[in-house]
Amino acid sequence: MMADIVAFSESPPPTPEGSVTNMLLELFLTHKFWVDHNHMVNQEYFEKESKKIYDVITEAHEKYEGDLSVTELEALLWANNPMLTGSQRGAILDITKRMRGEIRPEVGSDILQSAFREHLGKTIADLGLQMMDGTIKDLTPIQEILEKYENGLEVGDDLGFISNDWDDMFKANKENYPWTWNLTQLHMLCPGIGPGTLTTVFALVETGKSAFAISTAFSPRGFADQGARVLMICNEEVAERTMDRAGSAYSSLETDQVIDDRLKGRISWDSVKDNIQMVDGENCQTMERLNFIISKGGPFDIVIIDQLDKMQVAGVFARDDLRLSQVYIKARTIAKKHDLAMIAVSQADATADGRTSLRFTQMANSKIGKAAEADVIIGIGKEATDSTDDNFLRYLHVSKNKLGGIHGRATVQIEPKISRYID
């Protein structure tokens, strides 16, 4: 019972308004609700007649292990409390007669969990103060509380077991990974991406990392064109410029052509623009802010961060590779939490210069932490040429693929003036 927690704290736990507690009482007549939630009820939660009612409910559940009716509750109250005065009986009847099923169990669960978290947090905070002033010397009291109530903050029937049905075990890729790459050779290596996945794309500077993200997301047959709602965080170049490039990629119009033929571009863009949102990097510098944007502006099917390495995350880190590891862990967590596909654009290290097959070990500023979190890793390679001229060939090397299991290299071309990759 919560009484164990109160022993650690000198101040009483917060008590909600009596009317709310009285309405919650009727939920405890159901045996399962009592079993799931009785550990959240501390000594101070119910008061006076409400406490008498709750004590009788608890005794009845421990003895009979079944649901109680209001009539049974009243009979037990009179039997267990023969010395009640007339005013006390009247107060109890006033509560029981109002038990009309006005609060759904899921709502009552949220109310109780909120009060429980508040009290538990305050109790642990008080223990922290006692550690600071030397009243307690170790973490034992806090550890005891955490061990006792580690499973007490969530209530529900779903334990998270996945299906072991044969038909569910072999779902089509289209169902698991509905958003497909619009490059034929890349699609053959990796059938697509889907909810909860993290894809990392990396290359050296001036190779076409942003163009790859723009092309696969916003050009014809790209993710947005397939119906995916796409959010792009732009901390590599300003969002306005990236949005312009997305328009060029979709319409096939270069910048000067867009100005000369606005009608053609507008008609083309109108068919896809509602699936595209972009945020400038200055307005999204931390992973916590990203989570907030997705929560408030979503739902989204795909989130692209160009570049993920520039994002900050809460915590203090001795080395930058440790920070980056945590950033990528957070990216994967957000993808799973919001049931979306995350695409992270990153940088290659100096060993990638002139290479056409980049492995995940060549990502910059990382030991293995960044690579460990990704489901798919695509390195964009570029040949070293004798002159400064670009031959516009790019090599997409899939060096990690947990979605399709196929590793390999696709040769494609880049059209930088419209930010497009083509087979």
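A: Two residues are taken to be in contact when heavy atoms of theirs lie within 4.5 Å. The model is a predicted one, and in it residues 24 or more positions apart account for 69% of the contacts that have a separation of 6 or more. Of the 423 residues, 47% count as buried, while the protein exposes about 21800 Å², of which carbon and sulfur atoms supply 51%. The secondary structure comprises 18 helices and 9 strands.

In soluble globular proteins, nonpolar side chains tend to be buried together. Here the largest nonpolar core has 45 residues, and the members that touch the most others are Phe212, Phe218, Phe223, Ile302 and Leu396. Helix 12 (residues 209-218) contributes the largest share of this core, with 6 residues.

Once its neighbours within four places in sequence are set aside, Ile302 is in contact with Trp179, Ile193, Phe223, Ala228, Arg229, Val230, Leu231, Leu340, Ala341 and Ile343. Strand 4 covers residues 302-306, and the loop between helix 16 (287-297) and this strand holds Pro299, which is joined to Gly298 by a cis peptide bond with omega of about 5°. A cis peptide bond also joins Asp306 and Gln307, again with omega of about 5°, and Gln307 lies in the loop between strand 4 and helix 17 (320-337).

Two of the residues listed for Ile302, Leu340 and Ala341, are also touched by Thr197, whose other contacts beyond four places in sequence are Tyr177, Ala335, Met342, Asp375 and Leu403. Thr197 sits in the loop between helix 11 (184-189) and strand 1 (198-203), and because its relative accessibility is 4%, below the 20% limit, it counts as buried. A polar atom of the Thr197 side chain lies 2.6 Å from the backbone oxygen of Gly194.

Although not a glycine, Glu206 has a positive phi of about 60°, and with a relative accessible area of 69% it is exposed, in contrast to Thr197, which is buried.

Helix 4 runs over residues 48-64 and reaches 25 Å from its first C-alpha to its last, close to the 24 Å expected for its 17 residues. Just after helix 4, Glu65 takes a positive phi of about 55°. The loop between helix 3 (31-37) and helix 4 contains Asn38, which counts as buried at 15% relative accessibility. The C-alpha atoms of Asn38 and Tyr54, which are 16 residues apart along the chain, are separated by 9.9 Å.

Definitions and conventions
Residues are numbered from 1 along each chain as its sequence is written. This is a predicted model: local features need pLDDT of at least 70, side-chain atom pairs count only at pLDDT 80 or more; totals for chains, interfaces and linings use all residues. Side-chain values use heavy atoms; hydrogens and water are left out. Helices (H or I, at least four residues) and strands (E, at least two) are DSSP runs, numbered from the N terminus. Buried means under 20% relative accessible area, exposed over 50%, partly exposed in between (1.4 Å probe, protein chains only). Accessible areas come from the Shrake-Rupley method with a 1.4 Å probe; for residues, only the protein chains shown count as cover. The expected span of a helix is 1.5 Å times one less than its number of residues. A nonpolar core is a set of buried Ala, Val, Leu, Ile, Met, Phe, Trp, Tyr and Cys residues joined through side-chain atoms within 4.5 Å. A polar contact is a pair of N or O atoms within 3.5 Å; within protein, one must be able to donate a hydrogen and the other to accept it, and residues adjacent in sequence count only if both atoms are side-chain atoms.
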